[in-house]
Protein chains: 2
Amino acid sequence: MTMSLWPDVQPEAARRLMLAAVQSFATVGFHATTTRDIATAAGMSPAALYVHFPSKAALLFEISRTGHEQALAEIVAVTAGAGDPVTKMRALVENFVAWHARERTVARVVQYEIRALPDREYQVVAGLRRRIEQAVRSVIGDGVHAGVFEVPDEKTAARAVLSLGVDVARWYSERARKTPRALGREYATLVLRMLGCTDSP
Amino acid sequence: MTMSLWPDVQPEAARRLMLAAVQSFATVGFHATTTRDIATAAGMSPAALYVHFPSKAALLFEISRTGHEQALAEIVAVTAGAGDPVTKMRALVENFVAWHARERTVARVVQYEIRALPDREYQVVAGLRRRIEQAVRSVIGDGVHAGVFEVPDEKTAARAVLSLGVDVARWYSERARKTPRALGREYATLVLRMLGCTDSP
């Protein structure tokens, strides 16, 4: 897991707490982790943790929110840019898959512990998830409109594209034969075929 | 979750314990669940639980082993039968996706708590997973050999096929617009395209 995950989180102690929380949530799950576990792993006292985060749920929310915001930003950077739908979809899948392979530990927390969020926080993250799905769906819609994609159902197709990327976090490990980037490229080819792309290699 | 999950588990008390364990593992995770939680949810004493399972890990193993054996049996029933690779792949994806949608609670435990298994038990389950992947890969290989599939890498393609099915357990809910069976049919079409299938609708 890279420290580049949260470039904007300040001070350094807050970032250390988020890293420790991710490790513990990914290993034993949110519910089996105590704030004491997190503080200890970050080399701090439980009281020092509360200076930065009011609760364990606040830590999970911060991890989940920033993880989803990063995924959304990466996707929007592609979809809002120049390029035809095929080029955009290829770049989108390459980035999304590579991120889930590289940042698989934080991705597991972001994807699998979402149900542990309190209601209000869950709604914020659910809103980000809808925007991610909508961005993917709009590239598919543009491609269908342009006649380069053909799918039975745009919503199901968008879900399948994201699913392929998300599930990489579950199975990818440092023993995988392919680099995150190489896997992303190969998955992009598979996705374009899935979308009925007529001008893909 | 249906009681048909473990038709062979006897006595009824053991099956009740497995159901209670699945619910708790899926809700708060393996590590945050105690044997007392499971026994209480099954209407039994902790001592009564130990009559059937020596430990919480033994319960997880039984859930994981039977879940994987069922998935393997369903896949092998298709792959060992008659039919061309396209027909087999379609049936395989339909069943695999529908199972993960219908049995999403047990599927989440089976897929996400695998790292909590003790080493020896993990190896047994890993062996079943390799056989599942091998069965899918062999249908892909047959299709490539027959000239009806064309993929850049058979191993990656098999992984992607299984990934699409597994991830259904994460996002599918009773609010989904499609039935497990309808979703399975639609995913089968997407998968056949992904495999470069030349004679699919």
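UniProt positions are given here in the numbering used for this model, with feature names shortened, and such annotations may be inferred rather than shown by experiment. With that in mind, the UniProt record (an unreviewed entry) puts a "DNA-binding region" at residues 34-53 of chain A. The record, again unreviewed, also lists "domain: HTH tetR-type" at residues 11-71 of chain A.

The model is predicted: local features need pLDDT of at least 70 and side-chain atom pairs count only at pLDDT 80 or more, while totals for chains, interfaces and linings use all residues. Residues are numbered from 1 along each chain as its sequence is written, chains are lettered from A and ligands numbered from 1 in the order in which they are written, and side-chain values use heavy atoms, leaving out hydrogens and water.

Now to the partner chain. Contact (heavy atoms within 4.5 Å) joins 33 residues of chain A to 33 residues of chain B. Together the chains bury about 3200 Å², with 55% of it on carbon and sulfur atoms; buried area is the accessible area (1.4 Å probe) that two parts lose on being put together, summed over both. On the chain A side, Arg170(A), Arg193(A) and Met194(A) lose the most area to chain B, together 20% of what that side buries.

The interface holds 6 salt bridges, each a side-chain nitrogen of Lys or Arg within 4 Å of a carboxyl oxygen of Asp or Glu. One of them pairs Lys178(B) with Asp153(A), whose closest N and O atoms are 3.1 Å apart. The elements giving two or more residues to the side of chain A that touches chain B are helix 1 (12-28), helix 6 (104-112), helix 8 (154-171) and helix 9 (180-194). Helix 8 gives the most, with 10 residues.

Finally, the symmetry. With copies superposed by least squares on C-alpha atoms of residues with pLDDT of at least 70 in both, a rotation of 180 degrees with 0.0 Å of shift along its axis brings chain A onto chain B (RMSD 0.0 Å). The two copies are therefore related as by a two-fold rotation axis. The same surface serves both copies, as 100% of the contact residues of chain A recur in chain B.

Terms used
Helices (H or I, at least four residues) and strands (E, at least two) are DSSP runs, numbered from the N terminus.
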